[in-house]
Amino acid sequence: MKARIPLTVLAAGLMSVAGYAALFIAPDERTMHEIQRIFYFHLGCWSAMFTALTITFVANIGWLLTRRPQWDWLSVSGAEVGVASCTAGLITGVLWGKPAWGIWWTWDARLTTCFVLWLLYVSYLILRGLIEDPGRRATLSAVFGIFAFLDAPLVYVSNRLWRTQHPAPVLLGGANSGLDPTMGRVLMISVSAMLTMMLIVLADRYRLERLRHELDELRVAGETRPGELVSALAKAPRN
Amino acid sequence: MKNFQFLFAAWMAVWAVFFIYQVSVSTRISRLRDEIDRLKQPLREN
């Protein structure tokens, strides 16, 4: 909690520097020219999304192995932050697609697998909302979460396996891939900014889940000990 | 700069998505805190 303010300042500072560097410092790319600068925000969003969803995947396995509620709190937090990052990634992709390709969207392998990933994690969150019992909810969503994560590596390799409208990978993409050193530095700043922001939101979302657990325990205590607590509970709105 | 509106929109979209999400998480946290305080109040008084 003490690190919250410095971290927020750091994230805001990094985001501002990343925006400035992407718009004014990074050199123009040869074929797409200035519109390629969206790449720095776009890849930052995907880095945040893959990190958040990997955390969810690890937490899902953690829950199934240990049944400790902390793993479940972490998994839902990661999934929600992952969906937010994926949404930002899809929006920046659409805003890049229109000027670069002349179309907002196309159903090529990369875009389709991304969209499916977004749908899978939205379904994961909906599924959690449908199950009342916390233990059953955690187990079913963990199993579904592990299944949903299978699409994440597929998104990564899709433009390596198939010919896509989406550009070929610029990082770890083989002999013809690579970045200009200045572009690489700007990309590092953008990815760091997005990861810092993602971690702050993830920590807050985890805190929310911990409070929800505390509230559930209070409600159970109220049900087993009739009296003032129950009357207070009756007046309290349910989330 | 050509296509500046798309670049600016992309940068703003990233900010907007995270800002709106953060506001939603903070609102839910404060609502839960209020509810927990309301439930704990009778226990403190007894």
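The structure is a predicted model, in which local features need pLDDT of at least 70 and side-chain atom pairs count only at pLDDT 80 or more, while totals for chains, interfaces and linings use all residues. Residues are numbered from 1 along each chain as its sequence is written, and chains are lettered from A and ligands numbered from 1 in the order in which they are written.

Chain A is built from eight helices and zero strands, so its pattern along the sequence reads α-α-α-α-α-α-α-α, where helices (H or I, at least four residues) and strands (E, at least two) are DSSP runs numbered from the N terminus. Of the 239 residues in chain A, 38% are buried; here buried means 20 or more other C-beta atoms within 10 Å of a residue's own, exposed means 12 or fewer, and partly exposed is in between, with C-beta atoms placed from the backbone. Among the contacts in chain A with a separation of 6 or more, 73% come from residues 24 or more positions apart, a contact being two C-beta atoms, placed from the backbone, within 7 Å.

Helix H2 of chain A (residues 38–66) has 29 residues and reaches 42 Å from its first C-alpha to its last, close to the 42 Å expected at 1.5 Å a residue; the expected span is 1.5 Å times one less than the number of residues. Most residues other than glycine have a negative phi. Arg67(A), though not a glycine, has a positive phi near 60°. Arg67(A) counts as partly exposed because it has 13 C-beta neighbours inside 10 Å.

Helix H4(A) has 22 residues and reaches 31 Å from first C-alpha to last, close to the 32 Å expected at 1.5 Å a residue. Its buried residues include Leu111(A), Cys114(A), Leu117(A) and Tyr124(A), and the cover over the buried residues of H4(A) includes H3, H5 and H6 of chain A. The axes of H4 (residues 109–130) and H5 (residues 134–149) of chain A come within 10 Å and cross at roughly 175°, with axes fitted to C-alpha atoms, for helices over the stretch in contact, and angles running from 0 to 180 degrees between N-to-C directions. That makes H4(A) roughly antiparallel to H5(A), the word for angles over 145 degrees. By class, this contact has seven nonpolar, two polar and two charged residues; Ala, Val, Leu, Ile, Met, Phe, Trp, Tyr, Cys and Pro count as nonpolar, Asp, Glu, Lys and Arg as charged, and the others, Gly among them, as polar. On the H4(A) side are Leu120(A), Tyr121(A), Tyr124(A), Leu127(A) and Arg128(A), while Phe144(A) and Gly145(A) are among the H5(A) partners.

Now for chain B. The contact between the chains takes 35 residues from chain A and 29 residues from chain B, and the chain B side has 18 nonpolar, five polar and six charged residues. The largest nonpolar core, with 70 residues, has Ile38(A), Met197(A), Val201(A), Ala10(B) and Val14(B) as the residues with the most contacts inside it; such a core is a set of buried Ala, Val, Leu, Ile, Met, Phe, Trp, Tyr and Cys residues joined through C-beta atoms within 7 Å. Elements giving two or more residues to this core include helix H7 (181–224) of chain A and helix H1 (4–45) of chain B. Leaving out residues up to four places away in sequence, Val201(A) touches Val81(A), Phe18(B), Tyr21(B), Gln22(B) and Val25(B).

How values were computed:
Parallel < 35°, antiparallel > 145°, perpendicular 65-115°, else oblique.
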